[in-house]
Amino acid sequence: MSDLTQETGPAARVRVVIVGAGMAGVQTAVALREQGFPGSVTLIGAEPHQPYDRPPLSKAVLLGKAEGSAFDVDFEALDVELRLGLEVTGVHPARRELDTAAGPVPYDALVVATGAEPVRLPGAEGVPGVHLLRTLDDAERLRPVLARQHDIVVVGAGWIGAEFATAAREAGCSVTVVEAAGRPLVGALPAEVAAPMAAWYADSGASLRTHARVERVEPGAVVLEDGTRLPAGAVVVGIGARPATAWLAGSGIELGAHREIVADDHLRTSLPGVYAVGDCASFPSGRYGERLLVHHWDNALQGPRTVAANIVGEAPAPYDPVPYFWSEQFGRFVQYAGHHGAADALLWRGDPAGPSWSVCWLREGCLVAVLAVGRPRDLAQGRRLIESGTRMDPALLTDPSRPLKGAAL
C-alpha cells in the first residue's frame, strides 16, 4: 500500500491530476494505467491541441511534411480525462486543490509536468516578425515564413537554433545565426568539441556570426551591438529555456537555482503527494554525484515510470538514468549520452573534420559520456557501457575502426 492510499482510502477512489500534457505528462498517465492504477486520472494541458510530441516541430511540421505530431494514445480507452486549453494558475497543497480559470480542481496526488518555456529576447516582444519555436502554434506560424523564403536571423547557436537553421536552409531561406558567445553550443559542450561544428553552418550555406550581441530588433532588421544591421524578414529566438514553474509561487514546493522543482531520487517534491517529472524538475544522480536538470525528450519519457510506481505503491529503484538526446542538423545525426561535467579525460574517435566521429569522456577510467556524430553504434554501445560503469582501455578507445565495446577492460 502506498502512503497515498493510507491517507485517502481505497486506491480506486484516489484522484491523480497531472499538470502538463507534453511527453512527461502523457507518459505518466499511460504508466499509471500500465501499472494497474485503478483511480481517476486527469491530464490538464494549457494548449487546446490534442497532446503532441515536440521533436517533429523543428523538422517535419515546420517544413510542411506533417500537419501535426499528436501522440498515438487512446485516452478514452485508458479512462484518462483530458482537460485541454486550461491553464493552471496556482496550487494549494494544504487542501490539495488547483486554481484554474474553470474553477478549482481537487487532487489526492499531483504530478507537475509543465516542462520548460523559452527564454525571450529582451526588447523583442511585440516586434512584428519575431518568433519562438516551442509549440505547435509556433511551428504553424513559422511554416509560411519558410515557404516565402524570407531572409531569417536566428538568435542563438544552441541545439534549437541549429535545427531551425537546418530547416530554413532546406526551405531555401537565407539564414544568419548570431551568437553572443565565441562558438556554438557554449552551454552544452566544451570548446574543443563544439569548434568543429561551427564549420557545419558554412557548409550548409548559413552564416554564423559569433561574439555577436543583439542591440535591438526592429521590424525587418536585427541591429547588433557593433552597429551591424542584418536584414530580417523574420527573427527566430533560440537562447534557451527555463522551467515553467512560475505558477507554483507561494505553494511551498521547493525550487532550485534555476527555478526548477527540487525532486528527490524518486521524483517526489518537498510536499507529500506531489511529484515532478521532465524538464521542470531536477533530481540527484548517484551515478554522477550531482543534481541534474535535463531538458531532453528521453528524460520526459523515462521519469514517468518512477512517478507512477510511487503512486501505485511499488518500491521503485532510485531514478538515475543515463541522460540521452539527439539532434538532426546540417545533414548530420548528433547523439549524446551521459554527463561529462566531472570527467577527467576526453578522447577522440575519428577526425572531427570528417563526416563521422565520436568523443568519449572518462572519469577514473570509466566511460561517463559519449557524443557521436554519424556513429550510432558508438552511441548505443557507449550508453550500455556507461550504465554498467565499465572501465575502458584509452588506447583501444581512440581507434575508430574498433567497436567501442571492444575497448572495455
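I looked up helix 3 and found Leu 136, Asp 138, Ala 139, Leu 142, Arg 143, Val 145 and Leu 146 buried (under 20% relative accessible area with a 1.4 Å probe, protein chains only; exposed is over 50%, partly exposed in between). Helices (H or I, at least four residues) and strands (E, at least two) are DSSP runs, numbered from the N terminus.

This is a predicted model, where local features need pLDDT of at least 70 and side-chain atom pairs pLDDT 80 or more, while totals for chains, interfaces and linings use all residues. Residues count from 1 along each chain as its sequence is written, and side-chain values use heavy atoms, without hydrogens and water.

What covers the buried residues of helix 3? I noted strand 9, strand 10, helix 4 and strand 16 among the covering elements. Just after helix 3, Gln 149 has a positive phi of about 55°.

Next, I searched the whole structure for aromatic pairs and got 8. Rings of Phe, Tyr and Trp (its six-membered ring) pair if their centres lie within 6.5 Å; planes under 30 degrees apart are stacked, over 60 edge-to-face, the rest tilted.

Phe 283 and Tyr 319 have ring centres 5.0 Å apart and planes at 65°, so I logged them as edge-to-face. Phe 283 sits in strand 20 and Tyr 319 in the loop between helix 7 and strand 22, so the pair ties together parts 36 residues apart in sequence. Phe 283 is buried at 2%. Tyr 319 is buried at 5%.

Phe 325 and Tyr 336 have centres 5.4 Å apart and planes at 25°, so this pair is stacked. It links strand 22 to strand 23, 11 residues apart. Phe 325 and Tyr 336 are buried.

How values were computed:
Contact = heavy atoms within 4.5 Å.
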